[in-house]
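Visitor: I am new to this structure and would like to know how its parts get their labels. Could you take me through them slowly?

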Amino acid sequence: MKKLSLITLVIALTFTGMSQDIKLPVPTKKGGMPLYEALANRQTNRDFSPKQLTDQQLSDVLWCAGGVNREESGKLTSPTARNAQEIDIYVFNEKGVYLYLPKDNMLKQVLKEDHRPDLSGRGGKMTLEAPVTLLFFANYDKMNGFDEQARGFYGATDAGFVSQNVYLYCAANHLSTVVMGAINRDRLTEIIPAKGKPILAQPIGYAK
Ligand SMILES: Cc1cc2nc3c(=O)[nH]c(=O)nc-3n(C[C@H](O)[C@H](O)[C@H](O)COP(=O)(O)O)c2cc1C
């Protein structure tokens with residue numbers, strides 16, 4: 001009996017230590033606010049309530065940000081120079097940090113603790129208030145044919161397209177968002193388990 005409870009304890013501890021990947025629901029892809037109305041509503045809003053987004057909302061915003069929109073070629077909703085697809089999107093929430101895998105439509109957990117405080121640069125309380133913040137990270141392992149200057153230029157440019165797609169999703173769905181260049185790049189470079197540069201962060205949530 002004692003042996004059995006010891007085995008149960010070991011199994012429980014093993015599972016508690018395991019990362020929690022999340023399979024996302026199929027993104028919506030149809031309907032929604034007409035493009036011209038979404039553009040008319042597009043704006044920065046720095047006001048966030050703690051209300052959580054649903055997994056469906058997360059799947060939809062990530063698909064807009066950089067999901068696969070052409071299955072045959074595996075190309076994405078946002079363009080990238082030479083189709084490098086180098087912008088990794090990390091999702092920060094209270095449970096940890098997740099890497100969005102567009103081809104599998106899932107979130108792979110890469111860190112377990114709440115790392116939202118690591119996002120903020122000067123005065124960045126938005127990333128603490130919003131339930132979710134996306135980090136756009138230029139992955140240099142996906143930019144092999146680019147010299148250092150091109151990595152900097154195209155990494156930043158490509159992240160801009162991703163951000164605008166997120167702005168349009170938020171405008172069309174009455175959510176608050178702000179793109180942030182003032183982030184703690186040194187700290188983020190330390191914690192993100194990939195070689196590259198944290199470019200922009202973008203908190204998303206409901207307005208208070
Ligand atoms: C590259 C870039 C970096 C930005 N960084 C920040 C930031 O760190 N913090 C912030 O509050 N807003 C930031 N913004 C948001 C701008 O302040 C905002 O877009 C601008 O005031 C225009 O407002 P609008 O987006 O409502 O048109 C940034 C915008 C861009 C394009």
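Guide: Let us begin with pairing, since two strands pair if DSSP finds at least two bridges between them, and strands here are DSSP runs of E of at least two residues, while helices are runs of H or I of at least four residues, both numbered from the N terminus. The model is predicted, so local features need pLDDT of at least 70 and side-chain atom pairs count only at pLDDT 80 or more, while totals for chains, interfaces and linings use all residues. Residues are numbered from 1 along each chain as its sequence is written.

Visitor: What makes β5 and β6 partners?

Guide: Strand β5 pairs with β6 (residues 106-111) in the antiparallel sense over 5 bridges, and Y98 has Q109 as its bridge partner in β6. The hairpin between β5 and β6 has 4 residues between the strands, and there N105 takes a positive phi near 50°.

Visitor: Why are β1 and β8 said to stand at the edges?

Guide: The open sheet has 7 strands in the order β1-β6-β5-β4-β7-β9-β8, with antiparallel pairing. Strands β1 (22-23) and β8 (176-177) each have a single partner strand, so one side of each is left without a neighbour in the sheet.

Visitor: Why is α3 called oblique to α5?

Guide: The axes of α3 (residues 55-66) and α5 (residues 148-172) come within 7 Å and cross at roughly 140°, where axes are lines fitted to C-alpha atoms, for helices over the stretch in contact, and angles run from 0 to 180 degrees between N-to-C directions. Under 35 degrees would be roughly parallel, over 145 roughly antiparallel and 65 to 115 roughly perpendicular, with the rest oblique, and therefore α3 is oblique to α5.

Visitor: Which residues of α3 and α5 meet?

Guide: Residues D60, V61, C64, A65 and G66 in α3 meet V162, N165, V166, L168 and Y169 in α5, contact being C-beta atoms, placed from the backbone, that lie within 7 Å.

Visitor: Which residues are around the ligand?

Guide: Around the ligand are Q43, T44, R46, V178, V179, M180, G181 and A182, a residue being near if its C-beta atom, placed from the backbone, lies within 6 Å.

Definitions and conventions. Contact = placed C-beta atoms within 7 Å.
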